[in-house]
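Please find my comments on this model below. They cover helix packing, nonpolar cores and salt bridges.

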Amino acid sequence: MGILADSIEKAAAATATRPIPKSAGPQVRYLVKQHKGSTKAVAQLLGVSQRTVERYVKDQIRRPRRALAARIEREVRKRWQPKVRQKAQQRAAATSGITIETRARFGFTAAPGTTDDGRIRLITQHLPPQFAARLFDAQTAGATEQQLQNIAAEGLQEIYFKDRGRRADGLLVEFSDIDYVELDF
């Protein structure tokens with residue numbers, strides 16, 4: 001996944017109303033439950049043997065290696081409280097919108113006589129629900145990182161740079177060299 005897709009996932013995970021299980025045993029049991037009791041599927045997901053997963057389920061192993069613990073936690077966070085995530089995304093796409101904070105290079109294509117040199121900017125901007133809906137729909141459809149960046153760039157172009165069509169008519173914004181992106185909805 002790319003930087004924008006990761007920040008969408010991180011923002012969705014932040015909508016959780018309860019914390020994920022703390023130790024490896026409950027986390028692995030949760031993953032097994034999510035995979036309809038298949039320890040084999042969880043083993044493939046985590047890159048370990050089926051027997052290792054079974055031992056975590058039975059609490060015969062309690063402390064995984066650091067890398068495995070990170071994989072387990074990442075997979076649990078992806079799947080934790082899916083209905084809460086879905087409702088938060090629906091609310092953002094319908095009414096509340098999404099807030100994007102980024103530090104990236106923004107370049108422009110504009111009228112002659114204006115500077116189009118890209119420069120690093122720190123921008124925090126609330127985008128209306130239609131851009132949130134487009135981002136979520138594109139991510140669900142399996143859009144590439146570049147397609148997600150184009151949607152975010154279009155949203156920033158219309159809301160931040162063009163001020164909802166009140167200025168800079170004909171301005172096209174290029175969103176590149178992303179240092180970081182954080183989303184909130």
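The points below concern a predicted model.

1. Helix packing. Helix α1 (residues 3-13) and helix α8 (residues 145-161) have axes that come within 8 Å and cross at roughly 75 degrees. The two helices are therefore roughly perpendicular. On the α1 side, the contact uses I3, L4 and A5; α8 brings E145, L148, Q149 and A152. By class, that contact has 5 nonpolar, 1 polar and 1 charged residues.

2. Main core. The largest nonpolar core has 33 residues, and I98, F106, F175, L183 and F185 touch the most other members. Helices α1, α6, α7 and α8 and strands β1, β2 and β3 each supply at least two residues of this core. The largest share, 7 residues, comes from α8.

3. Around L183. Leaving aside residues up to four places away in sequence, L183 touches L4, S7, I8, A11, I98, T99 and I100.

4. Second core. A separate core of 17 residues includes I20, V42, V53 and L68.

5. Salt bridges. The structure holds 11. R29 pairs with D59, with the closest N and O atoms 3.5 Å apart. R29 sits in helix α2 and D59 in the loop between α4 and α5, 30 residues apart. R105 and D177 meet at 2.9 Å, N to O. R105 is in strand β1 and D177 in strand β3, so this pair ties together parts 72 residues apart in sequence. R105 is partly exposed at 30% relative accessible area, whereas D177 counts as exposed at 51%.

6. A network. Salt bridges link R74, E75, K78 and R79. Within the R74 to E75 bridge, the closest N and O atoms are 4.0 Å apart. R74 is partly exposed at 44%; E75 is buried at 6%.

How values were computed: Residues numbered from 1 in each chain as written. Predicted model: local features only at pLDDT ≥ 70, side-chain atom pairs only at ≥ 80, totals over all residues. Heavy atoms only, no water. Axes fitted to C-alpha atoms, helices over the stretch in contact; angles between N-to-C directions. Helix = DSSP H or I, 4+ residues; strand = E, 2+ residues; numbered from the N terminus. Parallel < 35°, antiparallel > 145°, perpendicular 65-115°, else oblique. Contact = heavy atoms within 4.5 Å. Nonpolar A, V, L, I, M, F, W, Y, C, P; charged D, E, K, R; others polar. Core = buried A, V, L, I, M, F, W, Y, C linked by side-chain atoms within 4.5 Å. Buried < 20%, exposed > 50% of the residue type's maximum accessible area, 1.4 Å probe, protein only. Salt bridge = Lys/Arg side-chain N within 4 Å of Asp/Glu carboxyl O.
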